[in-house]
Amino acid sequence: MSARQAFTRESADTRRDALIAACTRCLGTYGAQGVSVRAICLEAGVSPGLLRHYFDGIDALIAETYRTTGTRVAAAMHAAVVMVPESDPRGRLLGFITASFREPIADPALLATWLAFWSLSRTSPIIGQIHDELYAENRHDIERLIAACPNAPKDTRLAAVALTALVDGLWLELSLGNAPFSVAEAEALAEKWVDSFI
């Protein structure tokens, strides 16, 4: 069999996914200022022309990478919710928020990539818009889970904002490593906060 016969063409989705995965790794390794078309294409093992074939430049690839990463994080949090029966709304809320304290969300590589997105959200309008959308969706999910609990506060929006801030802080420390608390302690803190409101 010749080399030409052994070659199999990857699907468009596979190539796009490979570029997104490479962009994720590069953002985590080099940060927002160090990522480039060349670095991403080297990481993905493709030519720069292929990136431009699938994306309208590096900014579009980074934006799609942010959306994909946000979707992956949300999926992990929703997966934790469906493990708890609907008859236990408090447990479902706790499942959602404490998912952030375990892999795949509490992960140094994800944190490094997320920090790059955060820095870009201040300078790139499209990244800023995606940031706002992802955080709004997350808060909305928390609001709904809070509202489903007996004795939920009237202002579920503000409760969700406060809970999001608590979770983000604990997640950040856990993801950095050497946090001055354990995952179990982070979960207990979140549970105490929930119990103080609900």
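Biologist: How many salt bridges does the count come to?
Modeller: The count comes to six salt bridges, each being a side-chain nitrogen of Lys or Arg within 4 Å of a carboxyl oxygen of Asp or Glu. This is a predicted model, where local features need pLDDT of at least 70, side-chain atom pairs count only at pLDDT 80 or more, and totals for chains, interfaces and linings use all residues. Residues are numbered from 1 along each chain as its sequence is written, and side-chain values use heavy atoms, leaving out hydrogens and water.

Biologist: Nice! Which side chain meets R90 in a salt bridge?
Modeller: That would be E191, at 2.6 Å from N to O. The pair links distant parts of the chain, with R90 in helix 6 (residues 89–98) and E191 in helix 10, 101 residues apart. Helices here are DSSP runs of H or I with at least four residues, numbered from the N terminus.

Biologist: And R144, what does its side chain pair with?
Modeller: R144 forms a salt bridge with D141, also 2.6 Å from N to O. Both lie in helix 8 (residues 125–147), three residues apart, about one turn of the helix.

Biologist: Is D141 buried or exposed?
Modeller: D141 counts as buried because its relative accessibility is 11%; buried means under 20% relative accessible area, exposed over 50%, and partly exposed in between, with a 1.4 Å probe and protein chains only. R144 is partly exposed at 47%.

Biologist: Switching topic: at what angle do helix 9 and helix 10 pack?
Modeller: About 170°, with their axes 11 Å apart; axes are lines fitted to C-alpha atoms over the stretch in contact, and angles run from 0 to 180 degrees between N-to-C directions.

How values were computed. Helix = DSSP H or I, 4+ residues; strand = E, 2+ residues; numbered from the N terminus.
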